[in-house]
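Here is a friendly walk through one protein model, from its strands to a pocket and a few individual residues. Please keep the sequence and the 3D view at hand as you read.

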Amino acid sequence: MAALAVVRDLREHWAPASAEELERFETDVLSGFVLARASAGLADGTIRGDVGHLEQIRTWFGRPLWDMEPADADVYFGKVLRHSPSGTRLGRSQALSTYFMFLELRHKVEIHRMTGRVVECPIDEMNRPRGAKDAQLRIPPSEPEIGTLFTGWGGELATCRKFAPTARNYTASKLMSQVGLRVSEACGLDLDDIKWDLGRFGKLHVRHGKGTRGSGPRERMVPLINGADRTLRWFIEDVWGQFDDDHTRPGAPLFPSERKNTDGSARRVGDALRNGLDNAVQLILRAGRTG
């Protein structure tokens, strides 16, 4: 016959820690959380965002986050953040849930020993902010729509108010559609990255290609197919000189900005490229859909 034993609650028989010990421990735990997320390969910006969310909740709560219970989360997300953007509420909830997962995996025993509390995430299925309702499904444009976009956009080059930046945005966007570049990759290209002598049409040396799983930038060579070579030759011969007058300058950007460096050379384009593409889509494609 199996022997019977007294079952004790884990919340009993704990040695309380001083306020100073808890404060040091809380700081060490947060540092460990940051290091663990970095070890998992998350970008620094993502980690800073999560820590920012946690600090906002900690400031409101006034105590270590491991003391939070579902009722506290109900008040925070149901009242304090009631009218905040859904993205803020969802991001803060996800950061809190991830932090509690870290606490349960790494520090559950220590927290019980120091406080008598059994760590349990205050976010559950009843109070978890919902994000699916506000999520927008991104459907890539069809091939005919892409053709319509660049036909309409190209037609506006003759009448637009600022030809050079419009032609730059048009060229960069068309290049992205022809050879499969990301916006950030196009912005990072230099004139010297065009290797006209490689392959049948020439190739692009993409030095700042997006890596996978936090591996960092990956370089690759992209052939100038689908008419991309003709697109770039037109831009360099007829448009580029309106931004800068020195094609031989080392590091000269392929897609310059209207802004200048201190030496008078053109800076590299940034958000203006993304904004130009978005505006063209709004004016040409979406206007046509609703018209």
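First, the ground rules. This is a predicted model, in which local features need pLDDT of at least 70 and side-chain atom pairs count only at pLDDT 80 or more, while totals for chains, interfaces and linings use all residues. Residues are numbered from 1 along each chain as its sequence is written, and side-chain values use heavy atoms, with hydrogens and water left out.

**Strands**

Helices (H or I, at least four residues) and strands (E, at least two) are DSSP runs, numbered from the N terminus. Two strands pair if DSSP finds at least two bridges between them.

An open sheet is built from three strands in the order β1-β2-β3, with antiparallel pairing. Its edge strands, β1 (194-195) and β3 (218-223), each pair on one side only. Between β1 and β2 (residues 203-209) there are two bridges, and here lysine 195 stands opposite lysine 203. β2 is joined to β3 by five bridges; on this side valine 206 has arginine 220 as its bridge partner.

Another antiparallel pairing, again over two bridges, brings together β4 and β5 (residues 266-268). Proline 256 faces arginine 268 of β5 there. The hairpin of β4 and β5 has five residues between the strands, and glycine 264 in this hairpin takes a positive phi near 90 degrees.

**Aromatic rings**

What does a search of the whole structure find in the way of aromatic pairs? It finds twelve of them. Rings of Phe, Tyr and Trp (its six-membered ring) pair if their centres lie within 6.5 Å; planes under 30 degrees apart count as stacked, over 60 as edge-to-face and the rest as tilted. The pair of phenylalanine 33 and tyrosine 99 has ring centres 5.4 Å apart and planes at 85 degrees, so it is edge-to-face. This pair links distant parts of the chain, since phenylalanine 33 belongs to helix α1 (residues 19-39) and tyrosine 99 to helix α4 (residues 86-106), 66 residues apart.

One aromatic cluster is formed by Phe33, Tyr99, Phe100 and Phe102.

**The second largest pocket**

On a 1 Å grid over the protein atoms alone, a pocket is an open set of points where a 1.4 Å probe fits, with protein on both sides within 12 Å along at least five of seven lines; lining residues have an atom within 4 Å of a point. The second largest pocket holds about 250 Å³ of space, a volume being the space filled by probe spheres set on the points. Its lining counts 14 residues, and Trp153, Thr166, Asn169, Gly276 and Asn279 lie nearest the centre. The elements that give two or more residues to this lining are α6 (143-156), α7 (163-179) and α10 (271-290). The largest share, seven residues, comes from α10.

Histidine 107 sits in the loop between α4 and α5 (108-115), and asparagine 127 in the loop between α5 and α6. Threonine 248 has its place in the loop between α9 (228-238) and β4 (256-260). Histidine 107 is buried at a relative accessible area of 15%, as is asparagine 127 at 12%, whereas threonine 248 is exposed at 66%.

The table gives their polar contacts. A polar contact is a pair of N or O atoms within 3.5 Å; within protein, one must be able to donate a hydrogen and the other to accept it, and residues adjacent in sequence count only if both atoms are side-chain atoms.

| Side chain of | Partner | Distance |
|---|---|---|
| Histidine 107 | Glutamate 110, side chain | 2.7 Å |
| Threonine 248 | Aspartate 246, side chain | 2.6 Å |

Finally, threonine 248 and leucine 191 lie 57 residues apart in sequence, with 8.6 Å between their C-alpha atoms.

Key. Buried means under 20% relative accessible area, exposed over 50%, partly exposed in between (1.4 Å probe, protein chains only).
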